[in-house]
Amino acid sequence: MKRYVKIYIRLLHLNFSSLLAYRANFVNSLISSSVWGGFSIISILLLTSRSSSLFGWSRHDIIFLTCSYSIIIGIFHTFFSRNFEHFSRVVDLGELDTLLIKPIDSQFFISLRYINYASIIRIVVGFFLVGYLLKGEALSFVQLFGYGTMMFFGLITLYALWYIITSFTIWLSRLSNIVEFLFTITNVSRFPPQMYREFSWYVFLFLFPLTLIIATPTKFLINKIDFPDVLILIITASVLFIVSRFFWKLALRFYTSASS
Amino acid sequence: MSSRKNVHNMRYVRMFLLQFQEIMVQRARSFVWFLLSLLNPLLLLIFWSGVYQQKHAFLSDWSIATVTSYYLLLIIASSLLIVHIEETVAIIDIREGGLVKHLTRPFSYFWLMFINELPWRVFQGALGIFVFLLFSLLFKSFVQLSHDPATLIVSFLIIILAYMISFIFKMILGLSAFWFTDFWGLQQLVEVVILSFAGFLMPLEFYPKLIEQIAYALPFSYIIYYPIIAIQGKLLLPQLFQVMGIQLMWIIVFAVIYKYLWRKGIEKFVGVGQ
(Lines give C-alpha, C1' and ligand atoms only; values in the text may rest on other atoms or scores of the structure.)
Protein backbone atom coordinates (compact mmCIF):
# COMPACT_ATOMS: atom_id res chain seq x y z
CA MET A 1 0.00 0.00 0.00
CA LYS A 2 2.78 2.40 1.02
CA ARG A 3 4.57 1.61 -2.24
CA TYR A 4 1.46 2.50 -4.25
CA VAL A 5 1.06 5.80 -2.39
CA LYS A 6 4.70 6.61 -3.25
CA ILE A 7 4.14 5.68 -6.88
CA TYR A 8 1.01 7.81 -7.07
CA ILE A 9 2.81 10.83 -5.59
CA ARG A 10 5.50 10.33 -8.23
CA LEU A 11 2.81 10.19 -10.92
CA LEU A 12 1.34 13.45 -9.63
CA HIS A 13 4.78 15.05 -9.98
CA LEU A 14 5.36 13.63 -13.45
CA ASN A 15 2.00 14.84 -14.69
CA PHE A 16 2.66 18.27 -13.26
CA SER A 17 6.01 18.42 -15.06
CA SER A 18 4.30 17.47 -18.29
CA LEU A 19 1.76 20.24 -17.68
CA LEU A 20 4.61 22.75 -17.42
CA ALA A 21 6.24 21.39 -20.56
CA TYR A 22 3.05 21.59 -22.66
CA ARG A 23 1.51 24.83 -21.43
CA ALA A 24 -0.55 25.43 -24.59
CA ASN A 25 -2.19 22.03 -24.12
CA PHE A 26 -2.97 22.96 -20.55
CA VAL A 27 -4.58 26.25 -21.58
CA ASN A 28 -6.66 24.38 -24.18
CA SER A 29 -7.79 21.80 -21.63
CA LEU A 30 -8.60 24.62 -19.23
CA ILE A 31 -10.80 26.31 -21.85
CA SER A 32 -12.47 23.00 -22.69
CA SER A 33 -13.16 22.14 -19.01
CA SER A 34 -14.52 25.61 -18.25
CA VAL A 35 -16.74 25.57 -21.33
CA TRP A 36 -18.27 22.17 -20.53
CA GLY A 37 -18.64 23.06 -16.85
CA GLY A 38 -20.40 26.29 -17.80
CA PHE A 39 -22.59 24.48 -20.30
CA SER A 40 -23.83 21.90 -17.78
CA ILE A 41 -24.90 24.70 -15.41
CA ILE A 42 -26.39 27.01 -18.06
CA SER A 43 -28.27 24.13 -19.70
CA ILE A 44 -29.97 23.16 -16.45
CA LEU A 45 -30.86 26.81 -15.79
CA LEU A 46 -32.48 26.96 -19.24
CA LEU A 47 -34.22 23.60 -18.92
CA THR A 48 -35.77 24.51 -15.59
CA SER A 49 -36.45 28.17 -16.43
CA ARG A 50 -40.23 27.59 -16.78
CA SER A 51 -40.80 25.36 -13.76
CA SER A 52 -40.49 26.00 -10.06
CA SER A 53 -40.26 22.31 -9.16
CA LEU A 54 -39.83 19.04 -11.01
CA PHE A 55 -39.94 15.38 -9.96
CA GLY A 56 -40.28 16.34 -6.31
CA TRP A 57 -37.17 18.55 -6.46
CA SER A 58 -37.40 22.34 -6.33
CA ARG A 59 -35.56 24.29 -9.04
CA HIS A 60 -33.08 25.34 -6.36
CA ASP A 61 -32.41 21.66 -5.48
CA ILE A 62 -31.95 20.72 -9.13
CA ILE A 63 -29.38 23.49 -9.50
CA PHE A 64 -27.63 22.08 -6.40
CA LEU A 65 -27.65 18.72 -8.15
CA THR A 66 -25.90 20.28 -11.16
CA CYS A 67 -23.29 21.94 -8.94
CA SER A 68 -22.59 18.58 -7.27
CA TYR A 69 -22.36 17.09 -10.76
CA SER A 70 -19.77 19.72 -11.63
CA ILE A 71 -17.70 18.86 -8.53
CA ILE A 72 -17.89 15.06 -8.85
CA ILE A 73 -17.35 15.04 -12.63
CA GLY A 74 -14.53 17.55 -12.14
CA ILE A 75 -12.81 15.16 -9.70
CA PHE A 76 -13.46 12.23 -12.01
CA HIS A 77 -12.07 14.05 -15.05
CA THR A 78 -9.03 15.21 -13.07
CA PHE A 79 -8.00 11.79 -11.82
CA PHE A 80 -9.62 9.15 -14.02
CA SER A 81 -11.27 9.94 -17.35
CA ARG A 82 -8.07 10.73 -19.29
CA ASN A 83 -6.80 7.27 -18.28
CA PHE A 84 -9.88 5.65 -19.76
CA GLU A 85 -9.34 7.53 -23.02
CA HIS A 86 -5.79 6.13 -23.13
CA PHE A 87 -7.00 2.69 -22.05
CA SER A 88 -9.25 2.18 -25.08
CA ARG A 89 -6.59 3.59 -27.43
CA VAL A 90 -3.85 1.42 -25.93
CA VAL A 91 -5.90 -1.74 -26.41
CA ASP A 92 -6.85 -0.70 -29.96
CA LEU A 93 -3.21 -0.05 -30.91
CA GLY A 94 -2.00 -3.27 -29.25
CA GLU A 95 0.19 -1.43 -26.72
CA LEU A 96 -1.27 -3.01 -23.59
CA ASP A 97 1.61 -5.52 -23.39
CA THR A 98 4.06 -2.84 -22.30
CA LEU A 99 1.77 -1.92 -19.40
CA LEU A 100 1.10 -5.49 -18.33
CA ILE A 101 4.76 -6.43 -17.97
CA LYS A 102 5.41 -3.65 -15.45
CA PRO A 103 5.84 -4.87 -11.82
CA ILE A 104 2.73 -3.07 -10.64
CA ASP A 105 -0.98 -3.80 -10.42
CA SER A 106 -2.29 -3.32 -13.97
CA GLN A 107 -5.66 -1.83 -12.92
CA PHE A 108 -3.91 0.69 -10.68
CA PHE A 109 -1.49 1.77 -13.40
CA ILE A 110 -4.03 1.85 -16.23
CA SER A 111 -6.60 3.86 -14.34
CA LEU A 112 -4.41 6.29 -12.39
CA ARG A 113 -1.46 7.00 -14.67
CA TYR A 114 -2.59 10.36 -16.09
CA ILE A 115 -3.88 13.37 -14.20
CA ASN A 116 -5.70 16.18 -15.96
CA TYR A 117 -5.03 19.19 -13.75
CA ALA A 118 -7.12 21.46 -15.98
CA SER A 119 -10.35 19.81 -14.78
CA ILE A 120 -9.73 21.21 -11.29
CA ILE A 121 -11.44 24.35 -12.62
CA ARG A 122 -14.76 22.45 -12.71
CA ILE A 123 -14.35 21.41 -9.07
CA VAL A 124 -13.57 25.00 -8.06
CA VAL A 125 -16.56 26.40 -10.00
CA GLY A 126 -18.82 23.70 -8.51
CA PHE A 127 -17.78 24.49 -4.93
CA PHE A 128 -18.06 28.21 -5.58
CA LEU A 129 -21.63 27.80 -6.86
CA VAL A 130 -22.61 25.54 -3.96
CA GLY A 131 -21.32 28.24 -1.60
CA TYR A 132 -23.24 30.91 -3.51
CA LEU A 133 -26.49 28.90 -3.47
CA LEU A 134 -26.20 28.29 0.25
CA LYS A 135 -26.09 32.09 0.73
CA GLY A 136 -24.43 31.95 4.13
CA GLU A 137 -26.69 29.12 5.33
CA ALA A 138 -24.59 27.09 7.76
CA LEU A 139 -24.14 23.37 7.11
CA SER A 140 -23.84 20.94 10.00
CA PHE A 141 -20.80 18.70 10.37
CA VAL A 142 -22.99 15.67 9.60
CA GLN A 143 -24.11 17.25 6.33
CA LEU A 144 -20.56 18.12 5.26
CA PHE A 145 -19.17 14.74 6.29
CA GLY A 146 -22.06 12.92 4.63
CA TYR A 147 -21.67 14.99 1.45
CA GLY A 148 -17.94 14.21 1.24
CA THR A 149 -18.36 10.52 2.05
CA MET A 150 -21.19 10.00 -0.43
CA MET A 151 -19.15 11.83 -3.08
CA PHE A 152 -16.36 9.32 -2.47
CA PHE A 153 -18.73 6.37 -2.94
CA GLY A 154 -20.31 8.08 -5.94
CA LEU A 155 -16.89 8.39 -7.53
CA ILE A 156 -16.14 4.71 -6.84
CA THR A 157 -19.43 3.77 -8.51
CA LEU A 158 -18.62 5.91 -11.54
CA TYR A 159 -15.07 4.59 -11.73
CA ALA A 160 -16.19 0.96 -11.51
CA LEU A 161 -18.87 1.42 -14.19
CA TRP A 162 -16.40 3.05 -16.56
CA TYR A 163 -13.82 0.34 -15.85
CA ILE A 164 -16.21 -2.52 -16.45
CA ILE A 165 -17.47 -1.05 -19.72
CA THR A 166 -14.00 -0.06 -20.97
CA SER A 167 -12.77 -3.59 -20.21
CA PHE A 168 -15.00 -4.79 -23.04
CA THR A 169 -12.44 -3.30 -25.44
CA ILE A 170 -10.25 -6.32 -24.67
CA TRP A 171 -12.77 -8.37 -26.67
CA LEU A 172 -13.91 -5.57 -28.99
CA SER A 173 -10.71 -3.59 -29.50
CA ARG A 174 -12.20 -1.56 -32.35
CA LEU A 175 -14.64 0.07 -29.96
CA SER A 176 -12.06 2.68 -28.99
CA ASN A 177 -14.81 5.33 -29.03
CA ILE A 178 -16.66 3.60 -26.17
CA VAL A 179 -15.29 6.29 -23.83
CA GLU A 180 -17.21 8.94 -25.77
CA PHE A 181 -20.31 6.90 -25.05
CA LEU A 182 -19.42 6.82 -21.36
CA PHE A 183 -19.00 10.60 -21.29
CA THR A 184 -22.52 10.92 -22.71
CA ILE A 185 -24.25 8.32 -20.56
CA THR A 186 -22.76 9.85 -17.42
CA ASN A 187 -25.10 12.79 -18.14
CA VAL A 188 -27.89 10.58 -16.81
CA SER A 189 -26.69 11.39 -13.30
CA ARG A 190 -27.36 15.13 -13.80
CA PHE A 191 -31.10 14.65 -13.38
CA PRO A 192 -33.16 13.60 -10.34
CA PRO A 193 -33.60 9.79 -10.09
CA GLN A 194 -37.38 10.30 -9.80
CA MET A 195 -37.38 11.49 -13.41
CA TYR A 196 -36.48 7.99 -14.62
CA ARG A 197 -38.72 6.28 -12.07
CA GLU A 198 -41.75 8.28 -13.18
CA PHE A 199 -40.97 7.60 -16.83
CA SER A 200 -40.51 3.83 -16.60
CA TRP A 201 -39.37 1.35 -13.99
CA TYR A 202 -37.39 -0.57 -16.62
CA VAL A 203 -35.45 2.56 -17.62
CA PHE A 204 -34.90 3.40 -13.96
CA LEU A 205 -33.55 -0.07 -13.11
CA PHE A 206 -31.27 -0.04 -16.16
CA LEU A 207 -29.77 3.32 -15.20
CA PHE A 208 -29.98 2.75 -11.45
CA PRO A 209 -26.28 2.98 -10.44
CA LEU A 210 -25.83 6.17 -12.48
CA THR A 211 -28.82 7.82 -10.82
CA LEU A 212 -27.21 7.42 -7.37
CA ILE A 213 -23.82 8.97 -8.09
CA ILE A 214 -24.78 12.64 -7.82
CA ALA A 215 -28.22 12.53 -6.24
CA THR A 216 -27.21 10.80 -3.00
CA PRO A 217 -24.47 13.28 -1.97
CA THR A 218 -26.70 16.20 -2.99
CA LYS A 219 -29.51 14.91 -0.77
CA PHE A 220 -27.16 15.43 2.18
CA LEU A 221 -26.77 19.09 1.23
CA ILE A 222 -30.49 19.74 0.87
CA ASN A 223 -31.49 17.72 3.93
CA LYS A 224 -33.44 15.08 2.05
CA ILE A 225 -31.28 12.09 2.83
CA ASP A 226 -32.65 8.80 4.16
CA PHE A 227 -30.61 5.99 5.66
CA PRO A 228 -31.54 3.54 2.85
CA ASP A 229 -30.14 6.01 0.26
CA VAL A 230 -26.76 5.94 2.02
CA LEU A 231 -26.77 2.17 2.36
CA ILE A 232 -27.75 1.59 -1.27
CA LEU A 233 -24.93 3.79 -2.58
CA ILE A 234 -22.31 2.18 -0.33
CA ILE A 235 -23.42 -1.33 -1.33
CA THR A 236 -23.63 -0.43 -5.04
CA ALA A 237 -20.17 1.17 -5.01
CA SER A 238 -18.57 -1.76 -3.16
CA VAL A 239 -20.19 -4.42 -5.35
CA LEU A 240 -19.35 -2.62 -8.59
CA PHE A 241 -15.76 -2.08 -7.52
CA ILE A 242 -15.31 -5.78 -6.76
CA VAL A 243 -16.98 -6.65 -10.07
CA SER A 244 -14.66 -4.26 -11.93
CA ARG A 245 -11.61 -6.03 -10.41
CA PHE A 246 -12.98 -9.45 -11.22
CA PHE A 247 -14.08 -8.44 -14.71
CA TRP A 248 -10.68 -6.94 -15.54
CA LYS A 249 -8.90 -10.14 -14.49
CA LEU A 250 -11.36 -12.15 -16.55
CA ALA A 251 -10.85 -9.86 -19.57
CA LEU A 252 -7.07 -10.21 -19.33
CA ARG A 253 -7.40 -13.98 -19.72
CA PHE A 254 -8.81 -13.30 -23.17
CA TYR A 255 -6.26 -10.65 -24.11
CA THR A 256 -4.26 -11.47 -27.20
CA SER A 257 -1.56 -8.91 -27.81
CA ALA A 258 -1.09 -7.26 -31.20
CA SER A 259 1.71 -9.67 -32.09
CA SER A 260 -0.11 -12.84 -31.01
CA MET B 1 -15.48 16.68 -73.24
CA SER B 2 -18.70 15.56 -71.59
CA SER B 3 -17.49 11.94 -71.32
CA ARG B 4 -14.35 13.18 -69.53
CA LYS B 5 -16.56 15.04 -67.10
CA ASN B 6 -18.63 11.88 -66.54
CA VAL B 7 -15.48 9.87 -65.79
CA HIS B 8 -14.41 12.60 -63.38
CA ASN B 9 -17.77 12.47 -61.60
CA MET B 10 -17.67 8.67 -61.49
CA ARG B 11 -14.46 8.91 -59.45
CA TYR B 12 -16.38 10.70 -56.72
CA VAL B 13 -19.11 8.07 -56.84
CA ARG B 14 -16.50 5.31 -56.50
CA MET B 15 -14.85 7.10 -53.59
CA PHE B 16 -18.25 7.44 -51.95
CA LEU B 17 -18.84 3.70 -52.30
CA LEU B 18 -15.35 2.85 -51.03
CA GLN B 19 -15.92 5.04 -48.01
CA PHE B 20 -19.22 3.27 -47.42
CA GLN B 21 -17.36 -0.06 -47.39
CA GLU B 22 -14.99 1.39 -44.79
CA ILE B 23 -17.98 2.30 -42.62
CA MET B 24 -19.33 -1.23 -42.94
CA VAL B 25 -15.97 -2.53 -41.69
CA GLN B 26 -16.22 -0.13 -38.73
CA ARG B 27 -19.95 -0.60 -38.16
CA ALA B 28 -19.58 -1.23 -34.41
CA ARG B 29 -17.70 2.05 -33.96
CA SER B 30 -20.20 3.82 -36.14
CA PHE B 31 -23.02 2.41 -34.05
CA VAL B 32 -21.39 3.78 -30.88
CA TRP B 33 -21.18 7.21 -32.55
CA PHE B 34 -24.86 6.92 -33.34
CA LEU B 35 -25.63 6.09 -29.70
CA LEU B 36 -24.16 9.47 -28.78
CA SER B 37 -26.69 11.17 -31.06
CA LEU B 38 -29.44 8.99 -29.62
CA LEU B 39 -28.81 9.32 -25.89
CA ASN B 40 -29.10 13.06 -25.32
CA PRO B 41 -32.41 13.57 -27.15
CA LEU B 42 -33.87 10.54 -25.32
CA LEU B 43 -32.69 11.89 -21.99
CA LEU B 44 -34.26 15.28 -22.71
CA LEU B 45 -37.43 13.58 -23.94
CA ILE B 46 -37.73 11.81 -20.57
CA PHE B 47 -37.15 15.18 -18.88
CA TRP B 48 -39.90 16.94 -20.87
CA SER B 49 -42.37 14.10 -20.41
CA GLY B 50 -41.97 14.76 -16.67
CA VAL B 51 -42.33 18.51 -17.17
CA TYR B 52 -45.67 17.98 -18.93
CA GLN B 53 -46.95 16.15 -15.89
CA GLN B 54 -46.43 19.31 -13.85
CA LYS B 55 -49.55 21.44 -13.82
CA HIS B 56 -47.66 24.69 -13.58
CA ALA B 57 -45.33 24.05 -16.49
CA PHE B 58 -45.79 26.60 -19.29
CA LEU B 59 -44.77 25.53 -22.78
CA SER B 60 -46.43 27.94 -25.27
CA ASP B 61 -48.17 26.03 -28.08
CA TRP B 62 -46.10 22.86 -27.86
CA SER B 63 -48.07 19.76 -26.91
CA ILE B 64 -46.45 16.59 -25.57
CA ALA B 65 -46.84 15.08 -29.06
CA THR B 66 -45.00 17.93 -30.81
CA VAL B 67 -42.24 17.92 -28.20
CA THR B 68 -41.86 14.13 -28.56
CA SER B 69 -41.70 14.48 -32.35
CA TYR B 70 -39.15 17.26 -31.95
CA TYR B 71 -36.75 15.09 -29.94
CA LEU B 72 -37.28 12.04 -32.16
CA LEU B 73 -36.49 14.17 -35.22
CA LEU B 74 -33.52 15.57 -33.31
CA ILE B 75 -32.07 12.05 -33.22
CA ILE B 76 -32.14 11.98 -37.03
CA ALA B 77 -30.97 15.57 -37.40
CA SER B 78 -28.00 15.24 -35.07
CA SER B 79 -26.81 12.01 -36.68
CA LEU B 80 -27.44 13.17 -40.26
CA LEU B 81 -26.69 16.90 -40.20
CA ILE B 82 -23.93 17.42 -37.66
CA VAL B 83 -20.74 16.95 -39.66
CA HIS B 84 -17.60 15.75 -37.87
CA ILE B 85 -14.93 16.43 -40.49
CA GLU B 86 -13.06 19.12 -38.53
CA GLU B 87 -10.81 16.69 -36.64
CA THR B 88 -9.68 14.97 -39.84
CA VAL B 89 -8.91 18.31 -41.46
CA ALA B 90 -7.18 19.85 -38.44
CA ILE B 91 -5.34 16.92 -36.90
CA ILE B 92 -4.65 14.36 -39.64
CA ASP B 93 -4.35 16.66 -42.64
CA ILE B 94 -2.98 19.94 -41.32
CA ARG B 95 -1.14 19.10 -38.10
CA GLU B 96 0.21 15.70 -39.13
CA GLY B 97 0.77 16.78 -42.74
CA GLY B 98 -1.66 14.39 -44.46
CA LEU B 99 -2.80 17.30 -46.59
CA VAL B 100 0.28 16.91 -48.81
CA LYS B 101 -1.01 13.74 -50.42
CA HIS B 102 -4.38 15.38 -51.12
CA LEU B 103 -2.74 18.40 -52.73
CA THR B 104 -0.94 16.22 -55.25
CA ARG B 105 -4.15 14.45 -56.29
CA PRO B 106 -6.38 15.65 -59.12
CA PHE B 107 -9.34 16.26 -56.81
CA SER B 108 -10.68 19.28 -55.03
CA TYR B 109 -9.84 18.93 -51.32
CA PHE B 110 -13.23 20.35 -50.40
CA TRP B 111 -15.16 17.76 -52.42
CA LEU B 112 -12.85 14.96 -51.34
CA MET B 113 -13.70 15.70 -47.71
CA PHE B 114 -17.36 16.03 -48.67
CA ILE B 115 -17.30 12.54 -50.17
CA ASN B 116 -15.42 11.17 -47.14
CA GLU B 117 -17.96 12.53 -44.68
CA LEU B 118 -21.24 11.98 -46.52
CA PRO B 119 -21.36 8.15 -46.15
CA TRP B 120 -20.91 8.46 -42.38
CA ARG B 121 -23.82 10.87 -42.16
CA VAL B 122 -25.99 8.74 -44.46
CA PHE B 123 -25.30 5.60 -42.41
CA GLN B 124 -25.95 7.25 -39.07
CA GLY B 125 -28.93 9.17 -40.43
CA ALA B 126 -30.38 5.84 -41.60
CA LEU B 127 -30.01 4.47 -38.06
CA GLY B 128 -31.76 7.61 -36.79
CA ILE B 129 -34.63 7.10 -39.25
CA PHE B 130 -34.91 3.47 -38.12
CA VAL B 131 -35.22 4.54 -34.45
CA PHE B 132 -37.74 7.21 -35.45
CA LEU B 133 -39.88 4.70 -37.34
CA LEU B 134 -39.71 2.26 -34.45
CA PHE B 135 -40.95 4.91 -32.02
CA SER B 136 -43.61 6.01 -34.50
CA LEU B 137 -44.96 2.47 -34.63
CA LEU B 138 -44.90 2.01 -30.88
CA PHE B 139 -46.21 5.45 -29.87
CA LYS B 140 -48.24 6.51 -32.89
CA SER B 141 -50.23 9.20 -31.09
CA PHE B 142 -47.05 10.90 -29.84
CA VAL B 143 -45.59 11.54 -33.28
CA GLN B 144 -46.78 14.50 -35.33
CA LEU B 145 -45.40 15.38 -38.75
CA SER B 146 -46.55 17.53 -41.63
CA HIS B 147 -48.68 15.70 -44.22
CA ASP B 148 -48.57 18.48 -46.80
CA PRO B 149 -46.48 17.31 -49.82
CA ALA B 150 -45.35 20.87 -50.68
CA THR B 151 -44.12 21.42 -47.11
CA LEU B 152 -42.29 18.09 -47.13
CA ILE B 153 -40.58 18.82 -50.47
CA VAL B 154 -39.40 22.26 -49.33
CA SER B 155 -38.35 20.77 -45.97
CA PHE B 156 -36.24 18.23 -47.84
CA LEU B 157 -34.45 21.11 -49.60
CA ILE B 158 -33.98 22.83 -46.23
CA ILE B 159 -32.32 19.64 -44.91
CA ILE B 160 -29.88 19.61 -47.86
CA LEU B 161 -29.02 23.27 -47.30
CA ALA B 162 -28.64 22.59 -43.55
CA TYR B 163 -26.12 19.86 -44.36
CA MET B 164 -24.16 22.25 -46.57
CA ILE B 165 -24.01 24.93 -43.85
CA SER B 166 -22.87 22.31 -41.33
CA PHE B 167 -20.24 20.92 -43.70
CA ILE B 168 -18.70 24.23 -44.78
CA PHE B 169 -18.72 25.54 -41.21
CA LYS B 170 -16.88 22.45 -39.93
CA MET B 171 -14.39 22.70 -42.79
CA ILE B 172 -13.67 26.29 -41.74
CA LEU B 173 -13.23 25.10 -38.16
CA GLY B 174 -10.78 22.46 -39.39
CA LEU B 175 -8.84 25.05 -41.42
CA SER B 176 -8.30 27.07 -38.24
CA ALA B 177 -5.53 24.53 -37.50
CA PHE B 178 -3.38 26.37 -40.08
CA TRP B 179 -3.06 29.11 -37.46
CA PHE B 180 -3.69 27.34 -34.12
CA THR B 181 -1.23 24.57 -33.25
CA ASP B 182 -3.74 22.94 -30.93
CA PHE B 183 -7.32 23.49 -31.86
CA TRP B 184 -9.08 21.39 -29.16
CA GLY B 185 -10.05 24.37 -27.01
CA LEU B 186 -11.65 26.12 -29.98
CA GLN B 187 -13.37 22.93 -31.11
CA GLN B 188 -14.88 22.29 -27.68
CA LEU B 189 -16.03 25.90 -27.46
CA VAL B 190 -17.74 25.66 -30.86
CA GLU B 191 -19.36 22.36 -29.89
CA VAL B 192 -20.89 23.92 -26.80
CA VAL B 193 -22.10 26.95 -28.80
CA ILE B 194 -23.73 24.59 -31.32
CA LEU B 195 -25.34 22.52 -28.55
CA SER B 196 -26.70 25.68 -26.95
CA PHE B 197 -27.97 27.56 -29.98
CA ALA B 198 -28.88 24.93 -32.59
CA GLY B 199 -31.85 23.56 -30.66
CA PHE B 200 -30.25 20.49 -29.07
CA LEU B 201 -31.39 21.33 -25.56
CA MET B 202 -34.96 22.20 -26.37
CA PRO B 203 -37.03 23.98 -29.02
CA LEU B 204 -35.70 27.54 -29.24
CA GLU B 205 -39.15 28.93 -28.39
CA PHE B 206 -38.69 27.64 -24.83
CA TYR B 207 -35.59 29.80 -24.29
CA PRO B 208 -35.76 33.15 -22.49
CA LYS B 209 -36.51 35.85 -25.09
CA LEU B 210 -32.99 37.32 -25.39
CA ILE B 211 -31.28 33.94 -25.84
CA GLU B 212 -33.99 32.93 -28.30
CA GLN B 213 -33.27 36.03 -30.43
CA ILE B 214 -29.51 35.33 -30.35
CA ALA B 215 -30.15 31.73 -31.41
CA TYR B 216 -32.28 32.87 -34.38
CA ALA B 217 -29.54 35.24 -35.49
CA LEU B 218 -26.81 32.57 -35.52
CA PRO B 219 -26.40 30.00 -38.32
CA PHE B 220 -26.68 26.95 -36.03
CA SER B 221 -30.47 27.07 -35.72
CA TYR B 222 -30.57 26.68 -39.53
CA ILE B 223 -28.74 23.35 -39.20
CA ILE B 224 -30.96 21.67 -36.60
CA TYR B 225 -33.93 23.67 -35.34
CA TYR B 226 -35.45 24.92 -38.61
CA PRO B 227 -35.16 21.60 -40.51
CA ILE B 228 -36.94 19.88 -37.60
CA ILE B 229 -39.79 22.35 -37.24
CA ALA B 230 -40.12 22.46 -41.05
CA ILE B 231 -40.74 18.69 -41.13
CA GLN B 232 -43.12 19.06 -38.21
CA GLY B 233 -45.19 21.48 -40.28
CA LYS B 234 -44.74 24.35 -37.85
CA LEU B 235 -43.86 26.78 -40.65
CA LEU B 236 -46.01 28.05 -43.49
CA LEU B 237 -44.73 27.91 -47.08
CA PRO B 238 -43.60 31.58 -47.21
CA GLN B 239 -41.73 31.06 -43.92
CA LEU B 240 -40.09 27.94 -45.34
CA PHE B 241 -38.84 29.92 -48.35
CA GLN B 242 -37.58 32.61 -45.99
CA VAL B 243 -35.62 29.96 -44.07
CA MET B 244 -34.16 28.69 -47.36
CA GLY B 245 -33.13 32.22 -48.29
CA ILE B 246 -31.29 32.72 -44.99
CA GLN B 247 -29.67 29.29 -45.33
CA LEU B 248 -28.41 30.24 -48.80
CA MET B 249 -27.03 33.46 -47.38
CA TRP B 250 -25.09 31.53 -44.70
CA ILE B 251 -23.78 29.08 -47.30
CA ILE B 252 -22.47 31.96 -49.44
CA VAL B 253 -20.90 33.70 -46.42
CA PHE B 254 -19.20 30.49 -45.24
CA ALA B 255 -18.08 29.57 -48.78
CA VAL B 256 -16.37 32.96 -49.16
CA ILE B 257 -14.69 32.58 -45.74
CA TYR B 258 -13.63 29.02 -46.59
CA LYS B 259 -12.08 30.08 -49.92
CA TYR B 260 -10.20 32.92 -48.27
CA LEU B 261 -8.90 30.77 -45.39
CA TRP B 262 -7.92 27.95 -47.74
CA ARG B 263 -5.90 30.32 -49.95
CA LYS B 264 -4.15 31.94 -46.99
CA GLY B 265 -3.68 28.62 -45.18
CA ILE B 266 -2.10 26.86 -48.15
CA GLU B 267 0.42 29.70 -48.47
CA LYS B 268 1.36 29.07 -44.85
CA PHE B 269 1.27 25.25 -44.87
CA VAL B 270 4.50 23.28 -44.56
CA GLY B 271 4.36 19.49 -44.78
CA VAL B 272 7.84 18.38 -43.80
CA GLY B 273 8.86 14.82 -44.55
CA GLN B 274 5.62 13.78 -46.21
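Q: Where is A:T48 placed in chain A?
A: In this predicted model, A:T48 sits in the loop between α2 and β1 (53-54) of chain A.

Q: Why is A:T48 called buried?
A: A residue is buried if 20 or more other C-beta atoms lie within 10 Å of its own. A:T48 has 20 C-beta neighbours inside 10 Å, so A:T48 counts as buried.

Q: Which residues does A:T48 touch, not counting residues up to four places away in sequence?
A: A:T48 touches A:L54, A:R59 and A:I62.

Q: What makes chain A as compact as a globular protein of its length?
A: Chain A has eleven helices and two strands, in the order α-α-β-β-α-α-α-α-α-α-α-α-α along the sequence. The globule rule gives 18 Å for 260 residues, and the radius of gyration of chain A is 19 Å, close to that value, so chain A is as compact as a globular protein of that length. The C-alpha trace spans about 60 × 45 × 35 Å along its principal axes, and 38% of the 260 residues count as buried. Among contacts in chain A with a separation of 6 or more, 80% are between residues 24 or more positions apart.

Q: Why are α3(A) and α8(A) called roughly antiparallel?
A: The axes of helix α3 (residues 59-92) and helix α8 (residues 178-185) of chain A cross at roughly 150° and come within 9 Å. Angles over 145 degrees count as roughly antiparallel, and these two helices are therefore roughly antiparallel to each other.

Q: Which residues of α3(A) and α8(A) meet?
A: From α3(A) they are A:F84, A:E85 and A:S88, and from α8(A) they are A:I178, A:V179 and A:L182. By class, the residues of this contact are four nonpolar, one polar and one charged.

Q: Why are α8(A) and α2(B) called roughly parallel?
A: The axes of α8(A) and helix α2 (residues 27-51) of chain B come within 9 Å, and the crossing angle is roughly 10°. Angles under 35 degrees count as roughly parallel, and the two helices are therefore roughly parallel to each other. The contact involves A:I178, A:E180, A:F181, A:T184 and A:I185 of α8(A), together with B:V32, B:L35, B:L36, B:L39 and B:N40 of α2(B). Its residues are seven nonpolar, two polar and one charged.

Q: What makes up the side of chain A that touches chain B?
A: In total, 34 residues of chain A are in contact with 34 residues of chain B. On the chain A side, the elements giving two or more residues are α2 (23-47), α8 and α9 (193-199). Of these, α2(A) gives the most, with twelve residues. The classes on this side are 20 nonpolar, ten polar and four charged residues.

Q: How do you know that the buried residues of α4(B) line one face of the helix?
A: In helix α4 (residues 86-95) of chain B, the buried residues are B:E86, B:V89, B:A90, B:D93 and B:I94. Seen down the helix axis, they fall within an arc of 125°, so they line one face of α4(B). An α-helix has 3.6 residues a turn, so residues three or four places apart point the same way.

Q: What do the buried residues of α4(B) pack against?
A: They pack against α5 (99-103), α6 (109-138), α7 (149-175) and α8 (184-197) of chain B. Just after α4(B), B:G97 takes a positive phi of about 85°.

Key: Residues numbered from 1 in each chain as written. Chains lettered and ligands numbered in written order. Predicted model: local features only at pLDDT ≥ 70, side-chain atom pairs only at ≥ 80, totals over all residues. Axes fitted to C-alpha atoms, helices over the stretch in contact; angles between N-to-C directions. Helix = DSSP H or I, 4+ residues; strand = E, 2+ residues; numbered from the N terminus. Parallel < 35°, antiparallel > 145°, perpendicular 65-115°, else oblique. Contact = placed C-beta atoms within 7 Å. Nonpolar A, V, L, I, M, F, W, Y, C, P; charged D, E, K, R; others polar. Rg over C-alpha atoms; globule rule 2.2 N^0.38 Å. Buried ≥ 20, exposed ≤ 12 C-beta atoms within 10 Å, placed from the backbone. Arc of directions from axis to C-beta.
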